[in-house]
Amino acid sequence: MSRSAYTKNASNRRTKFWLLILSLFIATLAAYIVKALPRLALISTHLPASRTIFTTTTKMSNYSKELEVAQLAVQRAAILTKKVFHEKAKGTLSKDDSSPVTIGDFGAQALIIAAIKSNFPNDEVVGEEEASSLRENQKLREQIWELVKGTSLSDSAAENILGGPIASVHAMLDAIDAGNSAGGDKGRIWALDPIDGTKGFLRGGQYAVCLALMVDGDVKVGVLGCPNLPIDDSATLTADSGKDQTDSKGNGVLFSAVAGQGSTSRPLGTAGLGESKAIQMRPVNDITQATFCESVEAGHSSHGDQFAIASKLGVTKPSVRMDSQAKYGSIARGAGDIYLRLPTSATYQEKIWDHAAGDLIVREAGGQVTDSLGRRLDFSKGRTLAENKGVVAAPAAIHSHVLDVVKEVLQAKK
Ligand code: AMP
Ligand code: MG
């Protein structure tokens, strides 16, 4: 064989070899695709679902579902409390600590816990009320059941989000008793005060339906329904704001906050959620003109200490006294500036449901909330703020000044 024929033959053999390798590769690839096809098809059919899972996860991380459920649940419960206010027989009982509780407290707790459990069955709830007195008192139980049965949001989509009506009187009692969590620093726990400021509620003054979600002891979502506060954020507090509001029109506001996302207000409605506006604390350039709020009840905070602190700060206006966490909501929207709650007793432990929502709403609106020693409120210690004494809430820019004066006044008493 000539040298050139030999070279040509060798090159043909090489081409054939590579062609063989190439066809083997294509055959393997084809076989793989055929085998994998059903799985690929399955993935593509599930693509919208996978996307939903992704969105839900994203949503869960910013608590939008929790916020929506909490806002609608508070809005629905406020329909019930307003109904009770206009009833002659409010079913008022005296609890062991001689604080009053009404059919409104029980009914609102049942409706809110049912909504939480329908959406987040594994979450726990620290609720102020429990149902033992209703299990023994048939008349009261029936009175509450009639109310609960007859209360729903007028928007059916919104009502469906809450899981619709409670199925039976027994389910209602169980919902109330599901507020028995011991609280703590682990997991998802809601703090609920179905009617904060029951005394204000009975007087026709301020009260609030309060709900907050804590995760590992930190407040992540806070909602306050205040049926007797004005809708208008720019309506500044006056001495009358905490008094009887029975004949006032244009009232009813829903405050909300999510950690890291700011605070809002919107009208408290009876259907779906109204349009929201961002709220901010008002800057205090001249503390002599600041408005400070405190409890109506002299037994709940020391009016004397608070007067001394306000005087020392140079505050010239008299305090605005109002019941409930409506105080937190009012300062968060800039209708007032400072909220002081100095202890009246060395042993009383504040309850987490009296502060969790308000604490977040004020902080997310540019405020700072601490106790009288400057410690952040610690919601991880169980059902009470066992590690705190009193509350000092003010715009962040002046909080440390206010706190210094609080400490001076308390020190001077010793
Ligand atoms: P307020 O309307 O701001 O005065 O607060 C009402 C809440 O005060 C109620 O929900 C009670 O849990 C709480 N409370 C009852 N007794 C006391 C007390 N001795 N000191 C502070 N808060 C109290
Ligand atoms: Mg309360």
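Author: Residues are numbered from 1 along each chain as its sequence is written, while chains are lettered from A and ligands numbered from 1 in the order in which they are written. Because the model is predicted, local features need pLDDT of at least 70 and side-chain atom pairs count only at pLDDT 80 or more, though totals for chains, interfaces and linings use all residues; side-chain values use heavy atoms, with hydrogens and water left out.

Reader: How many disulfides are there?

Author: A disulfide is a pair of cysteine sulfur atoms within 2.5 Å. Here the count is zero. Take Cys226: the nearest cysteine sulfur belongs to Cys210, 7.0 Å away.

Reader: Is Cys226 buried or exposed?

Author: Buried means under 20% relative accessible area, exposed over 50%, and partly exposed in between (1.4 Å probe, protein chains only). Cys226 has 0%, so it is buried. Cys293 is buried too, at 0%.

Reader: Which residues surround ligand 1?

Author: A residue is near a molecule if one of its heavy atoms lies within 4 Å of it. Around ligand 1 you'll find, among them, Asp193, Asp196, Lys327, Arg341 and Tyr348. The shell has one nonpolar, four polar and seven charged residues.

Reader: Where does His300 come in?

Author: A polar side-chain atom of His300 lies 2.7 Å from an oxygen atom of ligand 1. For Asp354, that distance is 2.6 Å. Taken alone, ligand 1 exposes 500 Å² (Shrake-Rupley method, 1.4 Å probe), and the protein buries 84% of that.

Methods: A polar contact is a pair of N or O atoms within 3.5 Å; within protein, one must be able to donate a hydrogen and the other to accept it, and residues adjacent in sequence count only if both atoms are side-chain atoms. Ala, Val, Leu, Ile, Met, Phe, Trp, Tyr, Cys and Pro count as nonpolar, Asp, Glu, Lys and Arg as charged, and the others, Gly among them, as polar.
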